[in-house]
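Dear colleague,

Please find the structure we discussed below. My notes on what was found in it follow directly after.

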4 protein chains.
Amino acid sequence: MGSAAQSGERSGSALSRRVRAGIVGGTGYTGVELLRLLAAHPHAELRAITSRKEAGMPVAEMFPSLRGRVDLAFSDPAQASLADCDVVFFATPHGVAMEAAPRLVEAGVRLIDLAADFRLRDPLQFERWYRMPHACVKLLEEAVYGLPEVNREAIRRARIVGLPGCYPTSVQLGFKPLLAAGLVDPLHLIADCKSGVSGAGRKAEVGILFSEAADSLKAYGVGGHRHHPEIEQGLAGIAGAPVGLIFTPHLTPMIRGIHATLYARITRDADFQQLFEEHYRGEPFVDVMPAGSMPDTRSVRGANTCRLAVHRPHGGDTITVLSVIDNLVKGAAGQAVQNMNLMFDLPEAAGLGQIALLP
Amino acid sequence: MGSAAQSGERSGSALSRRVRAGIVGGTGYTGVELLRLLAAHPHAELRAITSRKEAGMPVAEMFPSLRGRVDLAFSDPAQASLADCDVVFFATPHGVAMEAAPRLVEAGVRLIDLAADFRLRDPLQFERWYRMPHACVKLLEEAVYGLPEVNREAIRRARIVGLPGCYPTSVQLGFKPLLAAGLVDPLHLIADCKSGVSGAGRKAEVGILFSEAADSLKAYGVGGHRHHPEIEQGLAGIAGAPVGLIFTPHLTPMIRGIHATLYARITRDADFQQLFEEHYRGEPFVDVMPAGSMPDTRSVRGANTCRLAVHRPHGGDTITVLSVIDNLVKGAAGQAVQNMNLMFDLPEAAGLGQIALLP
Amino acid sequence: MGSAAQSGERSGSALSRRVRAGIVGGTGYTGVELLRLLAAHPHAELRAITSRKEAGMPVAEMFPSLRGRVDLAFSDPAQASLADCDVVFFATPHGVAMEAAPRLVEAGVRLIDLAADFRLRDPLQFERWYRMPHACVKLLEEAVYGLPEVNREAIRRARIVGLPGCYPTSVQLGFKPLLAAGLVDPLHLIADCKSGVSGAGRKAEVGILFSEAADSLKAYGVGGHRHHPEIEQGLAGIAGAPVGLIFTPHLTPMIRGIHATLYARITRDADFQQLFEEHYRGEPFVDVMPAGSMPDTRSVRGANTCRLAVHRPHGGDTITVLSVIDNLVKGAAGQAVQNMNLMFDLPEAAGLGQIALLP
Amino acid sequence: MGSAAQSGERSGSALSRRVRAGIVGGTGYTGVELLRLLAAHPHAELRAITSRKEAGMPVAEMFPSLRGRVDLAFSDPAQASLADCDVVFFATPHGVAMEAAPRLVEAGVRLIDLAADFRLRDPLQFERWYRMPHACVKLLEEAVYGLPEVNREAIRRARIVGLPGCYPTSVQLGFKPLLAAGLVDPLHLIADCKSGVSGAGRKAEVGILFSEAADSLKAYGVGGHRHHPEIEQGLAGIAGAPVGLIFTPHLTPMIRGIHATLYARITRDADFQQLFEEHYRGEPFVDVMPAGSMPDTRSVRGANTCRLAVHRPHGGDTITVLSVIDNLVKGAAGQAVQNMNLMFDLPEAAGLGQIALLP
């Protein structure tokens, strides 16, 4: 992890003024997390936050944690002056951003979608997994997949960013050094992932009630999960070849956090610890731990960090990578801000200096 | 899951009187769970429970949940009349049972060890993993590994039972149908296991404090865990051949429960759902769920059940088995009582009819 | 706590056959808890369980904890042959039982309502707090408030029982000895209550999502809660005089459990410990702990026990009573079964011998 | 809540350089929280952190959340150059600070004790509750009780600050407006307090293990708690008269947070909402919520805020105040930094701009 994380506050922006930011759909967990980060961002100014259902309600009434820190009220998306923003974040359900994108892009607004509209390159794949045709295939073509550790330069110039999902972020960053170096069998990767419940969003559903999800653990989506094609697309890009992935997500009784436990069959020997350290040297938000470490998810709670450890159990032919992120920060809102920083030539770590809350 | 689970109370014991049971080391979680089960067992009578440190204290003072249900006080192990018992359970740290075994066995007492003294067949393996020489190699030779689904008949006649660990129970029951039928590559098995914190015992250690373990998740023992040789020994016995296993335990923020997510490479095709259903037909405490199911750990909370589901993601060449148990019941005290029932010719399900507590 | 709790299984029923029981509305937490208790009840037979929305679905499909233990499917309430039952439990929202009661009572079925339809004696009070007129004022007059420690004899003869709410059970049992003996100021009682989240039911609401309710704590209903008039009615009955109560419920991050912390100003001196012990001597499900004790809610998790401790801090003029129950057992389904046992001349503790699950 | 909370970063310090800070005893929860806050403080520089047991270990090895953010290693307290610091925080067990204080004060170092050595004005009270004689009665006389909302001016000049306990902070801030205005009976105050488990510290004790404290709730210290005399001392100072307090702390299954529910008998009528709002107008870290509000502890998780709501249930003669803080921030480390800011003429909110982590 480079020193940039500490020096996020240094100046250096090309903008002489603050970036004007808007949020569409601010009542979910990624929305309130964006508010937490942007309200304290030294180079951003929060201009509008929309919610059709809650229009008129002060944001701090719904989220008292923001009392005294965010004075905005939710505004009607139809009336919000999003076109006056430099950047608009979509913290909405799938399908919303792609409807609004053409008009905003035309108005010169840059767009970061935290949902899935601009993740999958193939519109047919999108249609298959999200059960709707893609509404702006043209813009999809130019959209950039917002994983800075893979696409940093493209992000700087992007008009539209499709932000990676939370699982995909943790899995891709964990497998990347291995696949980029061609050291493992790309056709038999396994990602056994454990997520906190906030990953399921702030929706009134029985399955994620406290009394259902507390003190219990289960797998879900074993037969097929929307993040599966996204991860395979990303890993294939890194490997430069097709990949095969078994992906098993689990719902675990914690609020935030993803722990991805990754397995790959070694095809060529190497010093894997050194490989990981060199691969991520200088990356501000990827932390390769010393050999033998096992990261806990709370070590990144509230922070924009992906913490990795690499193991080779019993010196055998399988490599095990442990990868943890906060699904709402490096897995969503923090990564969105990291993208914004890149897009507006701000220090990449600006506004992302939060230290994880422990305990 | 056969109907026996419901009819545990039917008579049929060869004994004309209740089995007299003693517990050595009753202040831990497996101890108090044994108390919960034995206090309500129709054919057992709790005669003594020992604790060196707490001798003289009424059991119900330490565990108020037992007020009005268990009248015993802890007694000094040196003075407890364990030799008058028919069976003695050792809910102690590793190394205690093997010291006491020769004297008790000679006195005609049968012995069920919930620790590791009689799990590993090879005394050198024991010494390597538990850092002490084995104290009674002779008795180790005759000890039976207490997994009824594998060793039912041997358990009936056993004088000494080494009860499986919690992880090993969940992993062996999940892989067993596949290995017994020879359908998967035995040399590249993966067991990604998630455990509740009670699996670590009732010890004053910082790492399992509420403020350390709550709202977080981490892997541990990736480089080597004591249950690894035990699982490999058991799986090799089932497969009739050497096995290779990657075993990754995780500490998760729940009290009870193990969720084992198992991966194996298919070498021969089959109807895996049917295989599992037939393999466990009639087993009173193994429940194969319908195709497509994903069990949650709470569905076995407090119950002596192992619940299994088998998946073949995307119809590929990897099989994924989901296996859940309550680590303190089917993974410890419940399985111990199941063994006792077999050893004394009681109905196998006697005293084990508890329905899981949900929510 | 009398010895009856241990001898629930002794015979003695006047019925030569099992009590035929039906459940209306079995998809909530009180419903599944009734299923857990009735499925293992030695003198009851589960005949029907209804759910309009889930008609046709096997109960064990919704609640896998019941696989192999409950073979029933949900049936349509309109078609279920509830009139063939001896007793019908209503585990429904408020307002359902009172609509169905006249027809069932006429058919000779006895009725236990776990909702509020038959709790408040005054139909105007009911209308004020539950926002609907009472549908069968006639039957309300004869209904019995199902708190056995207060109304045991009336319950035996009741055709309709209005089961106490969870908070009211914990608060009334805690204040009862003091008010019955006239030792405290009845006009300035304070009940500071902490509840697990399952008390809010199995409803898809944002406020009780895991990510909202975990790792946090808040008061609610400070300005007025439906259990307030119910508690005041019960306490006034016990005191034989009007009472004044401040009632502050809190939502706490646990699944089950209520901890009521009760404060009263002493008006006449007494040995309060002795008072409580004598008052509840022989009660099968009220456990007065030794002086100085502080019960935890887990000591009654899954059990039909109310555990009490009485304190007089610094020997001053305020008495503090600590009262814990499992809101789904002694606060709902367990108390319902206790009432059924009384109504059908079964041993009061039949089917209620579960020992609390600890840890 | 004044606007200062947002403008903590404005300049204005009298110091031309950063405040050099040392921490004694940095391995507990208040220690690591001080590290989190000081590492990001714009006007402070962390110079030394001591731990006898862990001397030599890098701080970030024990707390990986600090990797890349704190480069210090723990140093031996005997050898640490604490005398070179401007201020030293004692995050130690009771009794340590008072031993070290004379030497440090003589060296011109200012001292903030997060333990109890300088809280109680009366050394005999200290001896009674903490079971040791006070080691520097002289310095105790000049020590200032570090509650800025009461003692702001005295804190600015203090050489030694005894920081309030977590419960005392939440209770005093809640009762203060009422007692200062003389509107309630000071002799019959009730504080029913609920604390997260981190309040018990990072000690290897069975009672605060995850498996003991999760999914359960209990009162403790009902007969006497060390914070009781501290709270009474503080409230008496505010009231200008003796007070009588019933204080019931509860252990609840969350990591951080205190919820104090306060009851007082009204002796003189007033507009209590207005009273609270005016009383705390301009206070940077006390937030009086609108009438009818009920704060949750998570709304202050990680933030230095005390959030208050005042209720008068049913318009009766009892007032109910709800007061929430994060026990490790406004209840410990954050309040310590707030005191440091005052002592060194920094903006009071410097380094305390963290927004609560929600969810």
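What rotation, with what shift along its axis, superposes chain A on chain B? Please bear in mind that this is a predicted model. The rotation is 180°, the shift along its axis is 0.0 Å, and the RMSD of the superposition is 0.0 Å. The two copies are therefore related as by a two-fold rotation axis. A:Pro253 is the residue of chain A that comes closest to this rotation axis, with its C-alpha at 3.1 Å.

As to the contact between the chains, 38 residues of chain A and 38 residues of chain B take part. On the side of chain A that touches chain B, at least two residues each come from strand S7 (189-195), helix H8 (210-213), strand S8 (218-219), strand S9 (245-251), strand S10 (258-265) and strand S13 (318-325). Sorted by class, this side of chain A holds 15 nonpolar, 16 polar and seven charged residues. Because 100% of the interface residues of chain A are also interface residues in chain B, the copies meet through the same surface.

The C-alpha atoms of chain A occupy a box of roughly 60 × 45 × 45 Å along the principal axes. Among contacts in chain A between residues at least 6 apart in sequence, 73% link residues at least 24 apart.

Yours sincerely

Note on methods
Residues numbered from 1 in each chain as written. Chains lettered and ligands numbered in written order. Predicted model: local features only at pLDDT ≥ 70, side-chain atom pairs only at ≥ 80, totals over all residues. Contact = placed C-beta atoms within 7 Å. Helix = DSSP H or I, 4+ residues; strand = E, 2+ residues; numbered from the N terminus. Nonpolar A, V, L, I, M, F, W, Y, C, P; charged D, E, K, R; others polar. Least-squares fit on C-alpha atoms with pLDDT ≥ 70 in both.
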